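I opened my notebook to look at how two parts of one chain meet. Here is the structure I worked from.

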Amino acid sequence: MELSTSIAGLTLKNPVMPASGCFGFGKEYGQYYDLNQLGAIIIKAATKDARYGNQTPRVAETASGMLNAIGLQNPGVEAIVEQELPFLQSYETPIIANVAGSTVEEYVYVASRLAKTKAVQALELNISCPNVKEGGVQFGTDPVLASNVTESVKEVCGDVPLFVKLSPNVSDIAEIAKAVEAAGADGLSMINTLTGMTIHLPSKKPLLANKTGGLSGPAIKPIAVRMIYEVRQQVTIPIIGMGGITSAEDVLEFLLAGANAVAVGTANFLDPFVCPKIIEALPDVLHEFGFESVDQAIGKGHERGYEYISRT
Amino acid sequence: MINQMMTVVQKRTIAKDTVEMVLQGSTISFVEPGQFVHIRIGTGFSHMLRRPISIANVDGQEQTITVIFKVIGQGTEELQNVSIGSSLDVLLGCGTSYPVQGLELRRALLIGGGIGVPPLYYLAKELRKKGVQVTSILGFQSKENVFYEEEFKNLGACHIVTDDGSYGWHGNVNTVIDSEQIPFDYFFSCGPLGMLRAVSTKLIGQPGYISIEERMGCGIGACYACVVPAKDGKGFRKICKDGPVFPAGEVVL
């Protein structure tokens, strides 16, 4: 079974990687299994300066999902380059660095700093974080702003491919996807979390200190699959799909919708070993549904003849 | 951290909404006083977050750990309803422990509040094995919430205090600290943030350790959900990984 796949010139031994924000900088999970098993690792968002993030509580459970409002806590790009990346560089697994900021200038600074290290094999432009007051999602919900920040960042990326992480908190995600593709994005990551809220009945107050948070987990999987399916019809650049993946069957569903690789987020919290388990199960699942490679399955959900499913 | 399936071998209600559960597994030697277990609720995806639960006792011969939790929501209610003989998916050995072996002490003061009491029991037993004299102050909301009084009394002096005065002392743990002037070399405290704040202020400058509760995501230090600011103004600590046990004065409560 051929699990390898290629995204924007980056060869992955398999299509499965942990999603940004759910895996730290790899050290914790690296204590429990060999990170070389992963297709890639998307590390936690980097901003120019260190960020403490939001007040606690920062997570809350919801039906088949969770809300988080971490607030892009990170030690700043310099500390990430000096203190976090050397550990991951000891592995063969490609590193994808998530780039966040409040202004175009900050995005450019962080992207430039990371691209120059040659320690990361791709960048993921985070214009879709719903948990920060400035920057983040405001860039990801306006096609003009999304296009501008993509273009500016792309200029400083050199040979490092740039994936743009799209927000699902929009009425037409394909419009944003087309805009960032036209602006030079080498690929897309989608989707980020959906803005949500839960209220604690005894206290009658929102359960998160930030009031709102990003909804993730299996609850959002159908939205992610729909959005990837829609965007796949409008763009040609590769897509890293994410949103509620918990199994190899879910991975196949995302591939069929048009994702070229996938990221696993919330499921890591439920089962810290979920990524290697999915990778191990993937060949059998692909084979069960008639595929002999990952590449064979990509986009197959769009082909004629796959549209009709018997109701019996 | 070790992930294993553990069998529920005993279960009983020991106080209002408070459940004691005994779990049997093969790697319980991995567990130290103050650490927590991260338990998966159910087998599907109706609960996407595990529940961090403290350990009240370890029995090396029986290969069991005893956990105590309060039923406060759907997840803990479902956990309460797990039948004896069934299996739970458990992450064992999470977080830091009270440094029992590394401390030179003769007298320990244990101060617990509510569901913060259980880890102090395992700690008290380990301290007694070292020959340490243990005095406990255990605070509860009211009489119906009190548990493990006899167990603690078997290990040393034990003062029970309730918010409403329905049992033991009337007031909070500081009421007992003020009145009894108990001599100690180190204090060890676990309970709600308000109690830890009050105790830390009362015993400022004295050597001790505190254990903090917070809602967690991953439970292993990767997601940054359960952070607390460091007292030195330089950054933060992750409660699930750098804690839950911290030296008194290390973090901002």
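**Entry: the model.** I note first that this is a predicted model.

**Entry: the two domains.** I looked up how chain B is divided. I found domain 1 at 2–94 and domain 2 at 107–211. I then checked their centres, taken over C-alpha atoms, and 23 Å separate them.

**Entry: the contact.** How many residues of domain 1 of chain B are in contact with domain 2 of chain B? I found 18, and they touch 15 residues of domain 2. Between them, the two domains bury about 1400 Å². Carbon and sulfur atoms hold 59% of that area. On the domain 1 side, Lys16(B), Pro33(B) and Ala56(B) lose the most area to domain 2 of chain B. Together they make up 31% of what that side buries.

Entry: I looked for salt bridges between domain 1 and domain 2 of chain B, and the count is 1. I also looked up a salt bridge of Lys16(B): its side chain meets that of Glu144(B), at 3.7 Å from N to O.

**Entry: the domain 1 side.** Which strands supply at least two residues each to the side that touches domain 2 of chain B? I listed β1 (2–15), β2 (18–24), β4 (51–59) and β5 (64–70) of chain B. The largest share, 5 residues, comes from β4(B). By class, I recorded 9 nonpolar, 4 polar and 5 charged residues on this side of domain 1.

How values were computed: Residues numbered from 1 in each chain as written. Chains lettered and ligands numbered in written order. Predicted model: local features only at pLDDT ≥ 70, side-chain atom pairs only at ≥ 80, totals over all residues. Heavy atoms only, no water. Domains from an automatic or database assignment. Contact = heavy atoms within 4.5 Å. Buried area = accessible area lost by both parts, 1.4 Å probe. Salt bridge = Lys/Arg side-chain N within 4 Å of Asp/Glu carboxyl O. Helix = DSSP H or I, 4+ residues; strand = E, 2+ residues; numbered from the N terminus. Nonpolar A, V, L, I, M, F, W, Y, C, P; charged D, E, K, R; others polar.
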